[in-house]
Amino acid sequence: MWLAPHDVQLCAKFVFDVEFIGDISHGHEECHPWEIAVLCVDTNQKFYCPIMPQLTKKEIGEAFTSTDTFNYALLQKINAQNPGTAYRMLAAWIHQMLKICQKSTALMISHNCFASDMPILMRHMSRHGAAFVCPVMFFDSLLFCRYAFRGTKENDYSLDNLFTSCSYAEVRSVMRKT
């Protein structure tokens with residue numbers, strides 16, 4: 001079910017997040033990325049690219065998003081890129097990081113990866129003629145956390161709560177040792 005340690009050692013690890021407009025409960029077709037951020041864990045280098053959804057200004061303004069300050073003016077202000085350009089830049093950057101790491105496979109990690117980030121990213125990359133030029137595996141940290149915390153009292157798997165819970169557990173562990 002999970003990757004074995006030797007599988008992970010062969011990969012360059014990337015933590016990524018895709019921000020999108022649209023209501024995921026209505027399907028991936030309604031979702032349009034407007035921002036992608038990636039950290040290469042192996043090099044500590046970052047990739048960030050705002051993306052201009054291929055929608056009208058009115059559609060962008062009316063679209064559902066979890067970001068309060070999101071609007072068309074914000075996309076202009078942050079110099080949002082054409083989707084095809086953004087996805088080709090991402091693919092080239094991933095390839096560049098693999099060369100630096102001297103690894104051939106990318107392991108893309110995201111919270112709720114399989115339900116949102118991966119299918120939305122891959123759908124839009126394909127739609128805009130972009131593709132990764134290397135093998136890519138995806139890993140869902142939400143599913144892993146649900147598995148790892150089974151049998152505990154933990155039932156909030158949001159990133160904020162997991163950070164707080166894990167940080168608190170680390171502090172308690174250090175305090176016990178002193």
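Mentor: Read along the sequence, the protein chain follows the pattern α-β-β-β-α-α-α-β-α-β-α-α, which amounts to 7 helices and 5 strands. Helices (H or I, at least four residues) and strands (E, at least two) are DSSP runs, numbered from the N terminus. This is a predicted model, in which local features need pLDDT of at least 70 and side-chain atom pairs count only at pLDDT 80 or more, while totals for chains, interfaces and linings use all residues. Residues are numbered from 1 along each chain as its sequence is written, and side-chain values use heavy atoms, with hydrogens and water left out.

Some totals for the protein chain give the setting. Of its 178 residues, 38% count as buried; the word buried means under 20% relative accessible area, exposed means over 50%, and partly exposed lies in between (1.4 Å probe, protein chains only). The protein chain exposes about 10600 Å², of which carbon and sulfur atoms supply 56%. Accessible areas come from the Shrake-Rupley method with a 1.4 Å probe, and for residues only the protein chains shown count as cover. A contact means heavy atoms within 4.5 Å. Among the contacts in the protein chain with a separation of 6 or more, 70% involve residues 24 or more positions apart.

We now turn to the sheet. It is an open sheet of 5 strands, with the order β3-β2-β1-β4-β5 and mixed pairing. The edge strands are β3 (45-50) and β5 (136-140), each of which pairs on one side only. Neighbouring strands of this sheet are turned by 25 degrees against each other on average, direction ignored. Two strands pair if DSSP finds at least two bridges between them. Strand β2 (residues 32-40) pairs with β3 in the antiparallel sense over 6 bridges, and Glu35 stands opposite Pro50 in β3.

Helix α4 (residues 83-101) lies across β1 (11-21), β2, β3 and β4, and runs at about 175 degrees to β3. For such angles, axes are lines fitted to C-alpha atoms, for helices over the stretch in contact, and the angles run from 0 to 180 degrees between N-to-C directions.

The side chains come next. A nonpolar core is a set of buried Ala, Val, Leu, Ile, Met, Phe, Trp, Tyr and Cys residues joined through side-chain atoms within 4.5 Å. The largest such core has 28 residues, and those with the most contacts inside it are Phe14, Ile36, Val38, Ile94 and Leu121. At least two residues of this core come from each of β1, β2, β3, α4, β4 and α5, and α4 gives the most, with 9 residues. Apart from this core lies another, of 8 residues, among them Met52, Ile60, Leu74 and Leu75. Leu121, leaving aside its neighbours within four places in sequence, is in contact with Phe16, Val18, Ile36, Tyr87, Leu90 and Phe132.

Individual residues of the strands complete the picture. Ala12 is found in strand β1. Ala12 counts as buried because its relative accessible area is 0%. Beyond four places in sequence, the contacts of Ala12 include Asp42, Leu98 and Cys101. Ala12 and Gln102 are 90 residues apart in sequence, yet 8.5 Å apart in space, C-alpha to C-alpha.

Ser110 belongs to strand β4 (residues 105-110), and Asp140 to strand β5. Ser110 is buried because its relative accessible area is 2%; Asp140 is likewise buried, because its value is 3%. These two residues, Ser110 and Asp140, are 30 residues apart in sequence and 5.5 Å apart in space, C-alpha to C-alpha. Leaving aside neighbours within four places in sequence, Ser110 is in contact with residues including Phe16, Asp117 and Phe139, and Asp140 with residues including His111, Asn112 and Cys113.

The side chain of Asp140 also makes polar contacts. A polar contact is a pair of N or O atoms within 3.5 Å; within protein, one must be able to donate a hydrogen and the other to accept it, and residues adjacent in sequence count only if both atoms are side-chain atoms. A polar atom of the Asp140 side chain lies 3.0 Å from the backbone nitrogen of Asn112, and the side chain of Asp140 reaches the backbone nitrogen of Leu143 at 3.3 Å.
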